[in-house]
Amino acid sequence: MENIEKMKIAKSQKTKIRKSKKSIATVPFLLPAMISIFVLSFLPVIYTIYIAFTDYTQYSKGVINFVGFSNFVEVFKGPFSQVFFPVFLWTCVYAVITTIGGFLLGLFMAILVNNENIKERGIYKAILVIPWALPGVVAVLSFQGLFNGSYGAINNLLISIKFISTPIPWLTNPLYSQIVVSAVTVWLGFPYMMNVSLGALQAIPKSYYEAADVDGANKFTQFWKITLPSIAQTAYPLVISSFAFNFNNFGTAFLITNGAPARAGSQFAGYTDILASVNYRLSMTFGRYEIASTISIIIFILLGTISFIQMKASGQFEEVN
């Protein structure tokens, strides 16, 4: 018996040595990727954290002093609080509206094209995916022309059908510009949610709906009790990631309005600016690298906390029995 146990121990040791040799052999193949991640991801994060605790600006001329949490105090209680809190509120509203709007529109379109009675549904799927297939910059700049207050096609169409008498200031009125930016973001994002919802819909067994029909459930009850819960497990993590993306969706607001119209008393942010675009303006236009780095850290903490709470509340961390 002792010999058998010794043989088992020797065999397990040989297996461990063999596995460790294989692991060492993979290092040269993983090294380029690890170096790239370290240089392009890890180092910038560390440098951003470092700058957030200094007074580094474009006027520092190489003289950088450690200031502790002074930049954080300035953002929350100092002059920059008048910029941060209104922009933060709009960023949250924008992220919620565009995420929920994109998901609901995508789900609605997915339900329509999932109908087996529609023979041309393949064509409709291809058409509805176009916003996702187009380069984002091209699509956004096209909307900038369509919503132009002077010569935009949308105003011209509304005037020609006598719906309005004077052009609507889509890009110069604070409320209208926020509606335009949100609507364009929803239009660009709903095809992704449509594909996610379509895959989840096709995975639901038809027997569920057949049993519901036997029980006399109407279409709304079937949607509420069968479709939505079945989609939620698949779509919820993607909705959270979509919220994080829209929270930092710099491109739409910047390309359509460049943050305009301007806020009274603030040179750093306009009515359509979100925190990401304010960061860009602070660092690239005004050279306030320390405040931009501070806001970057705050955004990271906020997004991480919100995502964790949402994932925890939805039960995504729980093991499947």
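How far apart do the end C-alpha atoms of residues 175–194 lie, and what are the helix and strand percentages of the span? The legends below begin with this span and refer to a predicted model.

**View 1. The span of residues 175–194 in the predicted model.** The end C-alpha atoms of this span lie 28 Å apart. Its composition is 100% helix and 0% strand. In an unreviewed UniProt entry, residues 175–194 are listed under "transmembrane region".

**View 2. The span of residues 87–114.** Here the chain is 96% helix and 0% strand, and 39 Å separates the end C-alpha atoms. The unreviewed UniProt entry lists residues 87–114 as "transmembrane region" too. Further spans given under that feature name in the entry include residues 24–53, 126–147 and 291–311.

**View 3. Helices along the protein chain.** The protein chain contains 13 helices and 0 strands. Its pattern, read along the sequence, is α-α-α-α-α-α-α-α-α-α-α-α-α. Among contacts with a separation of 6 or more, 65% involve residues 24 or more positions apart.

**View 4. Dimensions of the protein chain.** Along the principal axes, the C-alpha atoms fill a box of roughly 100 × 75 × 35 Å. The radius of gyration is 26 Å, whereas a compact globule of 321 residues would have a value near 20 Å.

**View 5. Burial, surface and charge in the protein chain.** Of the 321 residues, 34% are buried. The chain carries 22 positive and 13 negative charges, whose mean positions are 9 Å apart.

Notes
Residues are numbered from 1 along each chain as its sequence is written. This is a predicted model: local features need pLDDT of at least 70, side-chain atom pairs count only at pLDDT 80 or more; totals for chains, interfaces and linings use all residues. Side-chain values use heavy atoms; hydrogens and water are left out. UniProt positions are given in the numbering used here, feature names are shortened, and annotations may be inferred rather than shown by experiment. Helices (H or I, at least four residues) and strands (E, at least two) are DSSP runs, numbered from the N terminus. The radius of gyration is taken over C-alpha atoms; the globule rule is 2.2 Å times the number of residues to the power 0.38. Buried means under 20% relative accessible area, exposed over 50%, partly exposed in between (1.4 Å probe, protein chains only). Contact means heavy atoms within 4.5 Å. Accessible areas come from the Shrake-Rupley method with a 1.4 Å probe; for residues, only the protein chains shown count as cover. Lys and Arg count as positive and Asp and Glu as negative; His and the chain ends are not counted. The place of a charge is taken as NZ of Lys, CZ of Arg, CG of Asp or CD of Glu.
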